[in-house]
Amino acid sequence: MDDQMYSKKLLTTLLLTLLMVLAACGGNDQNDEAAGGEEEPEDLTNNDAEDTLVVGLDDDPPLLDPHLSTAQVESQIFKAVYETLINVDENLDPIPGLAKDWDVSEDGLTYTFYLQEGVTFHDGADFNAEAVKYNFERILDEDLGSPNASDLRLIEEMSVEDEYTFVVELEEPFAPFLSGLSHRAGQMVSPEAAEDESIDLSNEPVGTGPFQFVDRTAQSHLEFERHDDYWGDQPDYQYLEYHAFSNEDTRITNLVSGDLDIVNRVAHKDLEQLEENPEINMSEEDGIGFQGLMLNTDREPFDNQKVRQAMNYAVDREAITEVVFHNGAEPAVSPFAPSSWANNPDLEVPDREVEKAQELLEESGVEDLSFTLTVSPSPAEQQLSEMLKSMLDEVGFNVEIEQVEFGAILDRMYEGDFDIARLGWSGRVDPDGNAYSWFHTDETYNFTGSSNEQLDELLIDARTTVDQSERQEMYHEAAEILWDETPYIFLYHENDYKPMKDNVQGFNHVPDGLIRPADLTLE
Amino acid sequence: MEQSQNLSVQKPKVQSPRLRMLKTMLERLLQNKLAVFGGFVTFLLIFTAIFAPWLAPHDPTEQNYSAVLQAPSIEYWFGTDNLGRDIFSRVIYGAQVSLQAGLISVGIALIIGVPVGLISGYYRGFIDEYIIMRMTDAMLSIPALVLALALAAVLGAGLTNAMIAIGLVLTPNFVRLIRGEVLAHREKEYVEAGKASGISDFSIILKHILPNTIAPIMVQATLAIAAAIIVEASLSYLGLGTQPPNPSWGSMLATGQGYLDSAPWIALFPGALIFITVISINLFGDGIRDMLDPKMK
Amino acid sequence: MLSFLLRRAGLMIVILFFVSIIVFSLVNVLPGDPALMILGQEATDESLEALREDMGLNDPLVMQYFAWVGDLLQGDFGQSFRDNTEVSSLLAEKIPITLQLTVMSFAIAVLIAIPAGVISATRKGTLWDSSATLFALSGVSLPPFWLGILLIFIFAVTLGWFPPSGYVPITENVAQSLWYMLLPAVALGVRLSAELTRMLRSSLLEVLGSDYIRTGYAKGLLERAVVYGHALRNSILPVITVSALQFAAFLGGTVITEEIFNIPGLGQLLVTSIQTRDFPVLQGAVMFMALAVILINFLTDVLYSILDPRIKLTGGSQ
């Protein structure tokens, strides 16, 4: 072995030269950098910075086909490229979208939509009643397997009255119908593009929105350009880009350094720092979702109602909103946010009552109070779970925390393989979207296994009643039953924060948390 | 000294005897002093880990919401974290986790690696050449952290599973080391003699071959502990190791990274401890190697 | 020669076969239903079942393995569960980023290691030597993620010279790109440079003691010329060998470094794929990393054997 090392001069020289060249390159580059490099990072974008708005997202949106979409972040993109039949304003009241007006019959069964005229899709196809029909049929098509079909499932018949009038008959009254049309089920894709085999709508969206799709770099960013034939007001700027930064610190760094103009989500720990920054404007709005703990009522010890109720008094909601969310969240006692018309003002947030919790545990007679709390591994979730453990352990529970990726949590939920999972809901415009599928027996997200006949009846009545004040009564009662039954520990309603650079104007904060890019102007 | 430099094969290259002797002496001197230091710090860390409950001024999991993100002070020597917990106490308890992870995962690697290496090297043959060795080649060509990460994800997050994952990842190193030692010994006279006199393979392996491999195993094991501690910290950093609220240096580092501008102490202290621990164990391991050098082949 | 090459290549294929088995079995015992990962929180039972069938998740494992390897051999790494992107195009997108990090790290490592190694070997026994030795020891014990966080704290958070994290493509802005990647490259390069310094020092010491160097001195060559001209050239080979052997560990280091500095390279792709159970991406990334390691070792071996036929390489263990 020994003398072999010396007989490879050629190789040595060769490799040494290579290394030296590399070293020299690296060295020079760095020196140039140190001397001439700017400290201010430049824009991420290729496009003219003056005429480009760059949005920072918390995740890369996987599926850009609105009818297949399931991820919350995808809806941000849809606000640029697609439009819904119905829109919602800051109070979440329905306002015209692609339907400039609509009538609902007395019995709540017939909906007549009067469509905007002169609207074209980005590929030149016309938007009309036939296009709406095509879209509804596409969503209801079982081969497509749209997860949003449930919003339209009650449609019995649809007809094209004339080119711009579209009529829908429902099997039974369905109060959340219009709000569904302001969400994914109301997004209109180009029928021509959808039929074209060579176009993959999941990656190249074609809608009627103010911006049309230009390019996508997988798991990095998306580029859009102003749609010149847009029927509404032309946006203030030419180019729109969405950049995904799943790391919350990087996202904020890029906003502060000026690479991003507006960001869809911010870690609460950074709120104070951003609010102090004179170059950043922060918009705050109540959220519409709810967050908390899902209890598996098919398992010990949570098959015991008293144990579940004890948890309600063992947690300190105020401390959580203060320490983890820096007061950027409201303590929760029901699935309806305080700003919602469905919220029950009689349900007050209880103080933490250790003794009451312990009494309830004693009454339950349950001996073994150990369980696993499953959370996703984000920093805030970890902090929250550690607080919960400390609070619950103190009253007599024995909590073990398990960090599992969000996807895996869902997996466990579907299999019923969990004790308590940290799972919440981004919320829907209509209160039905926060209640029915979550707490009605055996519904899609009712992983708790709980079932209450009275609650089921209320939730069904509430969605088939048209009158809002009657529905309000029902939701008030439903919230009380939920509090008593306790299949879910409501912890907080997260407020929605949108930090943006001070030259971004015109932001209209709708509680659904979606950025409507066409509203924004750059100064 | 004269004898040791003749037998020294640590760096198998040609050099003049005079220079080599000088170098060996200097190296020994330098390394031994450092080794003593490394050994001392390692001992101190083990002591800290064992007596953590008596040494820590606070409960490492006790939360104090009115003392969140406090800078180091007389009350909280290393400051507090985002839940108002005492970082000094958490760092002390974190030593338990790290040392435990290092020892147990290397233990797992030894339990699997030693018998496989012994048998594989002693019997040779198809299975040795085409299955076991190629399997170790394959495992070693996947970066250790990547393999550990994937294994930990398969087994599920948690310290126990992380230790199993790290143990498995370290195993091929031991298999190869021991196999190599066995190959060097199996043709020796005493083994041949033993075979001739009808001693069973089992006792030859156990009584004659194994004792000769202990020195290199010890050196490798010590250095592997340091590597295991780094991998455990990495897994915990990525959320696949120690689960909250148990203090682990890696997960404290991950929490702290989000507070580098407002509360840098959350990340800096546990990070410094990882460094001190690993360098001490490395120094100590290097020292043992030099100490054992004359006997090593 | 040819038979050696064939033999070595055959061995490489056998190792790759084992790697493929490891990678496949890892992924297929990972918990989590990929169909659910794709459809997310609002999936329905029917859409889940349809997707499972479509993805071949209902087939027996052996079938799935052969289907997978068959595709791999045709360069088809499958599609990401997340958004149906071709894994091969994802890899093609991420590899240059990690390659840039690798090249910069090696450059930094060499920039540090050559002077440090030379100084400590030529000034043996002095304070310089001790400092360099201590540096090498610390560097080897310094986990890249800790050094990374330390660098962020000092140079980004406190001094504000560098961005704390992020990435700019080199095609967009060369200067920016290098600037953003400097801290992570240092975090990785220091550890590597420590290994290299150690090797360089000891191999230089040996070369410096050999006859022809002393001849050089006798001929009256200046010390600098001797050291750089002859000794360094002759002692760099073991250093390169060490680099090649360190490559697997180095790639492991890029994974966590990319995660800390939020660089969208191969390492981050791998971590994300584990977190989202994106099996095809995970498989593709690990297969590629193993392939890179195996190829580099193979090339090192082959170059050796070409340049020195006396080396008889049998098997993979040298």
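**Chain by chain**

Me: Where does UniProt put the transmembrane regions of chain B?
Reply: The unreviewed UniProt entry annotates residues 34-56, 103-123, 135-155 and 265-285 of chain B as "transmembrane region". Keep in mind that the model is predicted.

Me: What does the model show over residues 34-56 of chain B?
Reply: That span is 91% helix and 0% strand. Its end C-alpha atoms lie 28 Å apart.

Me: And how much helix is there over residues 265-285 of chain B?
Reply: Residues 265-285 of chain B are 100% helix and 0% strand. The end C-alpha atoms are 30 Å apart there.

Me: Which domain annotation does chain B carry?
Reply: The unreviewed UniProt entry has "domain: ABC transmembrane type-1" over residues 95-285 of chain B. In the model, that span is 84% helix and 0% strand. Its end C-alpha atoms lie 19 Å apart.

Me: How is the confidence for chain B?
Reply: Mean pLDDT is 85 for chain B, with 87% of its residues at 70 or more. Residues 1-14 of chain B are another matter: pLDDT stays under 50 there. The model has 21 contacts beyond four places in sequence for that stretch.

Me: Let's look at helix 6 of chain B. What span should it have?
Reply: Helix 6 of chain B has 12 residues, 144-155, so at 1.5 Å a residue it should span 16 Å. Its end C-alpha atoms are 16 Å apart, which agrees.

Me: Why call helix 6 of chain B largely enclosed?
Reply: Because 10 of its 12 residues are buried, the rest of the structure largely encloses helix 6 of chain B. Among the buried ones are Leu145(B), Val146(B), Leu147(B) and Ala148(B).

Me: What follows helix 6 of chain B?
Reply: Gly156(B) does. Its phi is positive, near 105 degrees.

Me: Switching to chain C. How many helices and strands?
Reply: Chain C has 13 helices and zero strands. Buried residues make up 53% of its 318 residues.

Me: What share of the chain C contacts links residues 24 or more positions apart?
Reply: 70%, counting contacts in chain C with a separation of 6 or more.

Me: How is chain C divided into domains?
Reply: Domain 1 of chain C is 2-73, and domain 2 is 88-307. In contact are 14 residues of domain 1 and 14 residues of domain 2.

Me: Which helix gives the largest share on the domain 1 side?
Reply: Helix 1 of chain C, with 10 residues. By class, the domain 1 side that touches domain 2 of chain C has 11 nonpolar residues, two polar and one charged.

Me: How many residues of chain C are in contact with chain B?
Reply: 47 residues of chain C, and they are in contact with 48 residues of chain B. Several helices of chain C each supply at least two residues of that side, including helix 1 (2-29), helix 8 (174-208) and helix 13 (279-307).

Me: What classes of residue are on the chain C side?
Reply: The side of chain C that touches chain B has 34 nonpolar, 11 polar and two charged residues.

Me: Last one, chain A. Is Glu248(A) buried or exposed?
Reply: Buried, because Glu248(A) has 20 C-beta neighbours inside 10 Å. Glu248(A) is found in helix 6 (residues 248-257) of chain A.

Me: How far is Glu248(A) from Gly118(A) in space?
Reply: 42 Å, C-alpha to C-alpha. In sequence, Glu248(A) and Gly118(A) are 130 residues apart.

Technical notes:
Residues are numbered from 1 along each chain as its sequence is written. Chains are lettered from A and ligands numbered from 1 in the order in which they are written. This is a predicted model: local features need pLDDT of at least 70, side-chain atom pairs count only at pLDDT 80 or more; totals for chains, interfaces and linings use all residues. Helices (H or I, at least four residues) and strands (E, at least two) are DSSP runs, numbered from the N terminus. The expected span of a helix is 1.5 Å times one less than its number of residues. pLDDT is the predictor's confidence in each residue, from 0 to 100. Two residues are in contact if their C-beta atoms, placed from the backbone, lie within 7 Å. Ala, Val, Leu, Ile, Met, Phe, Trp, Tyr, Cys and Pro count as nonpolar, Asp, Glu, Lys and Arg as charged, and the others, Gly among them, as polar. UniProt positions are given in the numbering used here, feature names are shortened, and annotations may be inferred rather than shown by experiment. Domain bounds come from an automatic or database domain assignment.
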